[in-house]
Amino acid sequence: MTRDDQDRLAAEHVLGLLEGEERGQAERLLASDGAFQALVEQWRSRFSEWDNTADDAPAGDALWQRIESGLEAQPARAEVRPATPARQGASPGLLQGLWDSLSFWRTVGMAGAVAALLLAAGLGFFAMKASRQPVLVAVLMSEANQPGAVLRTFADGRAELTPLGDMQIPHNHSIQVWTFPDPAGAPVSVGVVQTARTVLLNLQNLPQPHSDQLFAISVEPLTGSPTGQPTGPVVMKGTASTAL
Amino acid sequence: MKALPGEVIPSAFDLNHALRGCARGDRLALRAIYDSEAPRMIGVAMRLLRRRALAEEAVHDTFLQLWKKADSFDPARGDARSWLYAILRNRALNILRGETRTDLVEDFEPMGLVSEEENAEAVMMRLSDTGSLKRCLERLEPARRQAITLAYIHGLSHGELAGRLGVPLGTIKSWIRRSLISLRECMA
């Protein structure tokens, strides 16, 4: 591939025009090829002027709160990094300079504060982790017998659904999660999901879930099944097992 | 935006600094990015996705990725803002491609072709006179300029551009390619 081809590929990647084979090719190059990354970066910066022509839209607190609760679902940063790189064999002049440097001491002071915060956050993380050992885990399998989502229930009655791989929810639809507290009874809805990411489900009003309990996901209208029973196709299902 | 060491950019929000804060797990730094960038980010995502709810979805996901990846951002390899908007565009384009595209097109179909055309020209008029993009776009023929503008800001595919501008697919592809060569030379 000539450099001109690569440049065209980089530009069309940034424009979002690539499809099929070429799209995969650009993604591979972007992950592995420094020269291609530089071409992409150049086009991003050339086109970035367009971003400044978009109208600002008010960003409310509701969206921020959703982002914050999304952060909770991500693992906390466990790694505490040294605030300043270790300086070995520093000359006395440099040390003297550091000693006299206000910004150095500011950094150290800040780093101390940050370390204390991280420690506090870390303690919270481990305390939280202890209560986050799941009680039951169900791997929901798709029609093609591929794992499509993992459902976990916790001792405090909460449950989480994590979609796997490239689960796609059809446009203008949701997926609805159902379970069968009574194997012979009707399914009960435990959540309507509009976006493929980890979500909390509501199992609070149900009897304590048990191992072998069946969970299933059907495709429904955006706001969930209008009838209270699955109306769309069941796209995946699985039974719960005890987590050890 | 390139700052020499020691150079002070007056009153500019320091995204690099905030990203370092995020890499340390500082939520206030993330909030500062939100306050400073989210309105523009929603605007950019709205142009691609048309609907507020989808745009917010893209911005939401971008902030989660930003939080996760902040420590891998390397200022030596690129501009922080362009990194942030690359994540956003990527996410928005993925949402756009994942959806049934005809559904999304319906929303702006009533506006018709004319207002779309004006739109691309209006967008060009809003580009900064000090940047080179405007000057270099002005050197392209209006229809080609429109094609590349619509591709970037609305995320239209080759096929959608062909339909919208009423020219064959092959023509669109070659317009885009030639426009890119011209832009690269002009903006070098």
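Two strands pair if DSSP finds at least two bridges between them; helices (H or I, at least four residues) and strands (E, at least two) are DSSP runs numbered from the N terminus. The model is predicted, so local features need pLDDT of at least 70 and side-chain atom pairs count only at pLDDT 80 or more, while totals for chains, interfaces and linings use all residues. Residues are numbered from 1 along each chain as its sequence is written, and chains are lettered from A and ligands numbered from 1 in the order in which they are written.

**View 1. Strand β1(A) and its antiparallel partners.** β1 (residues 134-142) of chain A is joined by five bridges to β8 (residues 234-242) of chain A, and the two run antiparallel. Ala138(A) has Ala240(A) as its bridge partner in β8(A). β1(A) also pairs with β2 (residues 147-154) of chain A, in the antiparallel sense, over seven bridges. Here Val137(A) is bridged to Arg152(A) of β2(A).

**View 2. The hairpin of β1(A) and β2(A).** Four residues lie between the two strands of this hairpin. In the turn, Asn145(A) has a positive phi of about 65°.

**View 3. The helices of chain B.** Chain B has ten helices and zero strands. Of its 188 residues, 38% are buried (20 or more other C-beta atoms within 10 Å of the residue's own, with C-beta atoms placed from the backbone).

**View 4. The contact of chain B with chain A.** Chain B gives 49 residues and chain A 38 residues (contact: C-beta atoms, placed from the backbone, within 7 Å). On the side of chain B that touches chain A, α2(B) supplies the largest share, nine residues.

How values were computed. Two residues are in contact if their C-beta atoms, placed from the backbone, lie within 7 Å. A residue is buried if 20 or more other C-beta atoms lie within 10 Å of its own, exposed if 12 or fewer, and partly exposed in between; C-beta atoms are placed from the backbone.
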